[in-house]
Amino acid sequence: MAEDPKIKNIKAKEISDSRGNPTIEVNLQTNFGNFKASVPAGVSTGKCEAVNVDIKKAVENVEKIIAPELKDKELRSQKEIDKTLIELDTTQNKSRLGANAILGVSIAACRAAAVSKKIPLYQYISQIAEDIPSQVLPKPSFNMFEGGKHGEESISFQEFMLIPQKDTFKENLEAGKKIYKKLGDILKNKFKEVKLSSEGALTTSVGKITEVLDLILEAAEKTGEKDNVKIAIDAAASEFFQDSSYKVDGRYLSKKELKEFYKDLVAKYPVVSIEDPFYEEDFESFSELKEEIGDKVLIFGDDLTVSNARRINLAEENNSCSGLLLKPNQIGTITETIEAAKLAKSYGWKIMVSNRGGETEDDFIADLAVGVGAEFIKSGAPFTKERMAKYNRLLEIEKEIKNE
Ligand code: PGA
Ligand code: ZN
């Protein structure tokens, strides 16, 4: 039996995320070494997500409340450590200590335990998940163009992603990078100003949603990859929902009209998944869309489900989803994140592990995706440092799994 690590101390400090906003980095010290973790932040957060506290408060909570409680304790299991964190917090939504403070400690503890067991992090995560096989790499869903709160608001959908359909992660990453670069050239030729958006994707004042899709497919075509790509959309519809209508391409659509809009897109483009197609409380419209085109596309819940077992159960009762976006900071601990994935899987849903609008260079979600056997991962564009950290870690895992 491997020796359990003993926690010597836990420190925290403020760092900046990819958007220049303050976030927290935790440093957990054990007899096996020091283990760091940093926490991302959403830009278009769901109403039912776990709550972050101000960074200064989060740092103080780690050092003054969590550290004294865990100091000199053995790190026997992730469940035990997360249970202690949840009990210390006492609230339903982590609002006392902060989901940011709690998650930083939870991730760092997970890393420390994997090292003490001398196994890769993804393998340890799969053990916690009670042996979901950890040999499958997720398909990357690369963010190519952002609208909504992440980019140019004239395009109301938040993310236009590309899922290359090659055999290996490495080939998919190469295809993603090539098409992303080509899209950059095309946009620079056609538009005056092209900017980088939240997740490293591109954004500019394109007139219509279908035009964005055409441009992405043009880039795929010009790189000889058109037949090897599929499209994933994150509408993030809560962000363009107001007074019972949805503002799309400058028009105000009812939920029925928006449903028809999606059906048209799916008929004309190689769209394989739509995330948050409707407002985050409208379980019923999700379900109607799933009823009508669920055989062609996956319907993912993100703001709808917030990686929370109670919301996932509600979505299942209403037949709203066939996929779950999995984001550790929506719920606040690794144990609960893994439980959410297992619950969704038990309903036959697919899993897409996801980054956040405001990211750090922490690559934990790469191991998480492999550990829970997620079918997909979205970590933004294959471009900026904080997004590439996750894709690069997956390259490393693929090499290790294939024994290369
Ligand atoms: P967020 O967006 O991290 O800004 O909330 C990402 C997503 O909606 O998937
Ligand atoms: Zn989303």
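## Helix α6 and its surroundings

In this predicted model, helix α6 is followed by G224, a residue whose phi is positive, near 75°. The helix itself covers residues 209-222. Its 14 residues reach 20 Å from the first C-alpha to the last, close to the 20 Å expected at 1.5 Å a residue.

Which residues of α6 are buried? They are I209, V212, L213, L215, I216, L217, A219 and A220. The elements that cover these buried residues include the strands β5 (142-146), β6 (159-164), β9 and β11 (245-248). Helices α5 and α7 (255-268) are also among the elements that cover them.

## Helix α5

Helix α5, one of the elements covering the buried residues of α6, comprises residues 169-190. At 1.5 Å a residue, its 22 residues should span 32 Å; the end C-alpha atoms are 31 Å apart, which agrees with that expectation.

Several residues of α5 are buried, including F169, N172, L173, A175, G176 and I179. Further along the helix, Y180, L183, G184, I186 and L187 are buried as well.

## Two domains

The domain assignment of the chain gives domain 1 (7-118) and domain 2 (139-403). The C-alpha centres of the two domains lie 27 Å apart. Across the boundary, 32 residues of domain 1 are in contact with 31 residues of domain 2.

An unreviewed UniProt entry places the feature "domain: Enolase N-terminal" at residues 7-125. Over these residues the chain is 43% helix and 21% strand, and the end C-alpha atoms are 20 Å apart.

## The nonpolar cores

The largest nonpolar core contains 121 residues, of which I10, F157 and V353 touch the most other members. Helix α3 (residues 99-116) supplies the largest share of this core, 11 residues. The core also draws at least three residues from each of domain 1 (7-118) and domain 2 (139-403).

What surrounds F157, leaving out residues up to four places away in sequence? F157 touches G147, G148, I209, I233, D234, A235, F240, F261, Y262 and L265.

## The zinc site

Which residues coordinate the zinc ion (ligand 2)? The ion is coordinated by D234 (OD), E275 (OE) and D302 (OD), at 2.0 to 2.2 Å. Along the chain, these donors follow the spacing D-x40-E-x26-D. The pair D234 and D302 links distant parts of the chain, 68 residues apart. D234 is in strand β9 (residues 229-234), whereas D302 is in the loop between β14 (298-301) and α9 (309-317).

Are D234 and D302 buried or exposed? A residue counts as buried when its relative accessible area is under 20%. D234 has a value of 1% and is therefore buried. D302 has a value of 3%, so D302 is buried too.

## Three further buried positions

A236 has its place in the loop between β9 and β10 (241-242). At 2% relative accessibility, A236 counts as buried. Leaving aside its neighbours within four places in sequence, A236 is in contact with Q158, E275 and D276; of these, E275 is a zinc donor. A236 and D367 are 131 residues apart in sequence and 25 Å apart in space, C-alpha to C-alpha.

S320 is found in the loop between α9 and β15 (323-326), and S320 is buried, with a relative accessible area of 0%. Not counting residues up to four places away in sequence, S320 touches F283, F286, S287, K290, I299, L304 and A315. I125 lies in helix α4 (residues 121-128) and is buried, also with a relative accessible area of 0%. Where does the chain bring I125 and G371 in space? Although they are 246 residues apart in sequence, their C-alpha atoms are 4.9 Å apart. I125 touches C110, I338, F364, D367, L368, G371 and V372, not counting residues up to four places away in sequence.

Technical notes. Residues numbered from 1 in each chain as written. Chains lettered and ligands numbered in written order. Predicted model: local features only at pLDDT ≥ 70, side-chain atom pairs only at ≥ 80, totals over all residues. Heavy atoms only, no water. UniProt positions renumbered as here; feature names shortened; annotations may be inferred. Helix = DSSP H or I, 4+ residues; strand = E, 2+ residues; numbered from the N terminus. Donors = N, O, S within 2.8 Å, 3.2 Å for Na, K, Ca; no water. Buried < 20%, exposed > 50% of the residue type's maximum accessible area, 1.4 Å probe, protein only. Expected span 1.5 Å × (residues − 1). Core = buried A, V, L, I, M, F, W, Y, C linked by side-chain atoms within 4.5 Å. Domains from an automatic or database assignment. Contact = heavy atoms within 4.5 Å.
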